[in-house]
Amino acid sequence: MTLARALAQLASCREAEDDVVAVMDVFGRHPGDTVQVLDVVRQTGLAEDRAEAILRALVAALVLDFDGAGGYRYERDVAVEMELRALKDRLRAHREHLQGNVARFRAHRDLY
């Protein structure tokens with residue numbers, strides 16, 4: 001069970017990481033419950049095909065269980081939770097770094 005394995009199956013881009021975090025946030029609010037694809041789409045705002053691709057990757061990585069009838073379930077796992085926390089922290093740090101760069105650019109642009 002690893003998020004890294006799921007992310008390796010998806011396009012290696014920042015959006016894929018953000019999407020995985022959004023999907024896992026839905027399942028984190030409903031541990032042990034069966035969640036349908038349309039529920040994930042509604043709660044995350046992702047396109048249905050994008051949500052399905054992420055769900056398939058998470059099932060292949062053994063993060064989620066698939067019941068065969070369109071339902072997905074997440075049973076809490078300490079390792080996945082730690083990996084998810086690290087991913088969220090890395091994404092937040094990256095966003096803050098970009099915002100800092102934009103602020104510095106705007107401040108320096110006024111000097112010229």
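Predicted model: local features only at pLDDT ≥ 70, side-chain atom pairs only at ≥ 80, totals over all residues.
Residues are numbered from 1 along each chain as its sequence is written, and side-chain values use heavy atoms, with hydrogens and water left out.

**Entry 1, overall form.** I looked up the secondary structure, taking helices (H or I, at least four residues) and strands (E, at least two) as DSSP runs numbered from the N terminus, and found five helices and three strands in the protein chain, in the order α-α-β-α-α-β-β-α. The C-alpha trace spans about 60 × 30 × 25 Å along its principal axes. The radius of gyration, taken over C-alpha atoms, is 17 Å, whereas a compact globule of 112 residues would have one near 13 Å by the rule of 2.2 Å times the number of residues to the power 0.38. Buried residues make up 29% of the 112 residues.

Leaving out residues up to four places away in sequence, I listed the contacts of phenylalanine 27 (heavy atoms within 4.5 Å) as Val35, Val40, Leu55, Leu64, Tyr72, Arg73 and Tyr74.

I searched for ring pairs, in which the rings of Phe, Tyr and Trp (its six-membered ring) have centres within 6.5 Å, with planes under 30 degrees apart counted as stacked, over 60 as edge-to-face and the rest as tilted. The structure holds one aromatic pair. The centres of phenylalanine 66 and tyrosine 72 are 4.8 Å apart and their planes stand at 40°, so this pair is tilted. Phenylalanine 66 is partly exposed at 41% relative accessible area, whereas tyrosine 72 is buried at 7%.

I counted eight salt bridges, each a side-chain nitrogen of Lys or Arg within 4 Å of a carboxyl oxygen of Asp or Glu. Glutamate 17 pairs with arginine 90, their closest N and O atoms being 3.0 Å apart. Because glutamate 17 lies in helix α2 and arginine 90 in helix α5, this pair ties together parts that are 73 residues apart in sequence. Glutamate 17 is buried at 14%, while arginine 90 is partly exposed at 40%. Aspartate 89 bridges to arginine 85 with closest N and O atoms 3.6 Å apart, and these two residues, four apart in helix α5, are separated by about one helical turn. Salt bridges that share partners join Arg85, Asp89 and Arg92 into one network.

Finally I checked leucine 62, which has a positive phi of about 65° although it is not a glycine. Leucine 62 lies in the loop between α4 and β2 (65–66) and counts as exposed at 51% relative accessibility.

Technical notes. Buried < 20%, exposed > 50% of the residue type's maximum accessible area, 1.4 Å probe, protein only.
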